[in-house]
Amino acid sequence: MTRGGESQGVGRDGTAGLLGRGGIAWLVAGRGAGLPAGRPRTGTLRAGRGAGQRVGRGRTAGLVGRGGMTWLVAGRGVGVRAGCSRTARLPARRGAGLPAGRPRTGTLRAGRGAGQRVGRGRIVRLVGRGGVSRLTVGRLRTGPLRAGRGVCARLVALLAVVLLAAVTACTGDGAGEPAVPAADVPGDIVVASGRDVTGKNGIRQQLIDAWNRQQEKAGTGYRARLVELPGSADEQRSQLLGALQSGSAAYDVVNLDVTWVPEFAAAGLVRRLPDEVLDDDVIKSVADTARWDGKVYAVPFNSDVGLLYYRRDHLDAVGVQQTDLSAGIDRTRLQEIVRSLENKPPKGYEQGWTTQLASYEGRTVNAVEAFASSTPDLALTDADGDYAANAEQLAEGIAELRQRTDPSYTLQDAVHSDEDASLADFAAGRTAFLRHWPYAYRTLHQSFTDEQLGVAPLPGRAVLGGQNLAVTAASQRSAKAAELIGFLTGRESERCLLDAGFAATRTSAYGDDTVTCPLAAASPSPSPTGERADRMPRDDAGRPAYAHRILLPALGSAVQRPRTPMYGAFTQTFTAQLGALFGDRPPTDPQLARRLDEALRKALPD
């Protein structure tokens, strides 16, 4: 293997080595060190002339093989000092390793004095970028990983390449061509996904059942099985990362939030797919969420975008002449309507609008929408996933977020609300406006009529959401799993998802009347009494009435959240720092911007 001027070879004693140009630096691992799963291995780190490393007395680091992955862990007090021709032994310790949910793109906490004299609580990061890794210590970068002159302070980072090579040997190189899978093994194809918002035996399960009927009729020996993961989106991400890293769950297909694709792709947890799986029918903004580093790793299953729901009956009660806001409304007009409601509040009404501001992904979504609205060309990360903004730009976004969440017209409970809580508050009449996702259209229309409820594009910029299907790197049925994904994301399936209340990912679902859903349950028929069990308004072709005029344009103009393999670190930092805005003594915009800028530079080293 050759990567950036470095080569990997095998020595006479069965050791694997990473050699730098001119023999300046190399890494030697003991026989089988850290490559397969199984008992802990022992490796040796040797420094060539001018590339010394020394581990102090009683100070250890470890290579641990587990579930086909190799992890690096630093023991207490591992030091890095300049030296010459030093040799250090790295014994692995059982149970050592990165915690679940933190692969090559995760974090390694080092004890006092570890690596570059890291202080207590500092973080060492192992970061994957386009198939190349680097090691960062605090705010100091010890890579890129290139051997040659001046590698004295960087030799520990070379270990990242060995780890990457070990994973690549098992899963295929994510930076190269799609891996050629071995022959599939007939059996269950397990699909791991979050909760289906269309309910028990929802549309996702119905589509999988339809595929299973095809397989049974053809006698292929394959059957798809849906496993729904509990918890919030953040918790589901941790579950999937832990399962795929450790090999504790045999998932063949994973339904990834659009923000997770770079992380799972860079970590080698999902397979690269042919570019052709994203044809011209897939909405362009949506298709872009399935790529990382110019390559396709997933196929959009269902999309999402922020929308504005409003109570037409509340507006009518205070004399608003035009209660149809579907053509769009700006923030100024929205606030004018809210002031009218304050003068003559409907029964149960408390504040103008509500959204999702609790300390989870919902706060990140609302903040990104505010930031993108205040500075349309703002990029929080660059093409490599590194932090790319500055404090001045952040201050503008913070000012917009502060204005949007002003307590004078934002429901107080919004600060603690998620999707379910905000939806319930709006349905109860506590607010006249609600920021929410497309699935709320069907949910709310089970209780409200068209005369009571309306939907419009979100004022300003809206964030793109959704889920994408990917084939896991460890799947023994990868070819058939890809075939299943093709069925679930095909034209007819996307029409079924749209009819059931999801935002479809294909343009044809919104306007081509020749594309229909073969599943009758997606668009319920009238009951014997003439009433629909499903009260969602539909057009003449059976689609949700708002789909073509409001939903499709909103998807096309939506903005993505930052694209980075370190998205988990980004959103945790972003959410935590912005929480100060909703406290008893919020800082000024410049103060909070400086804090957020500093925190993001640590979380996403540039």
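## Cores

A nonpolar core here is a set of buried Ala, Val, Leu, Ile, Met, Phe, Trp, Tyr and Cys residues joined through side-chain atoms within 4.5 Å, with buried meaning under 20% relative accessible area (1.4 Å probe, protein chains only). This is a predicted model, where local features need pLDDT of at least 70, side-chain atom pairs count only at pLDDT 80 or more, and totals for chains, interfaces and linings use all residues. Residues are numbered from 1 along each chain as its sequence is written, and side-chain values use heavy atoms, with hydrogens and water left out.

The largest nonpolar core has 53 residues, and the ones touching the most other members are I203, L240, Y251, V254, L256, F264 and V270. Its top contributor is helix α2 (residues 203-218), with five residues. Helices (H or I, at least four residues) and strands (E, at least two) are DSSP runs, numbered from the N terminus. There's also a second, separate core of 47 residues, including Y409 and A462.

What does Y251 touch, leaving aside residues up to four places away in sequence? The list is V190, A192, V227, L229, L240, A243, L244 and T472, where a contact means heavy atoms within 4.5 Å.

## The five-stranded sheet

Now for the sheet. It is open, with mixed pairing, and its five strands run in the order β14-β13-β15-β23-β18; two strands count as paired if DSSP finds at least two bridges between them. β14 (223-228) and β18 (299-305) are the edge strands, each pairing on one side only.

Inside that order, β15 (residues 253-257) and β23 (residues 464-471) pair in the antiparallel sense over five bridges. V254, one of the core residues picked out above, stands opposite A470 in β23.

## Helix α3

Helix α3 (residues 233-246) has 14 residues and reaches 20 Å from its first C-alpha to its last. That's close to the 20 Å expected at 1.5 Å a residue, with the expected span taken as 1.5 Å times one less than the number of residues.

Which residues of α3 are buried? They are Q236, R237, L240, L241, G242, A243, L244 and Q245. Among them, L240, A243 and L244 are touched by Y251. Just after α3, G247 takes a positive phi of about 75°.

## The whole protein

Overall, the protein has 17 helices and 23 strands, and buried residues make up 56% of its 606 residues. Of the contacts with a separation of 6 or more, 70% are between residues 24 or more positions apart.

Definitions and conventions
Buried means under 20% relative accessible area, exposed over 50%, partly exposed in between (1.4 Å probe, protein chains only).
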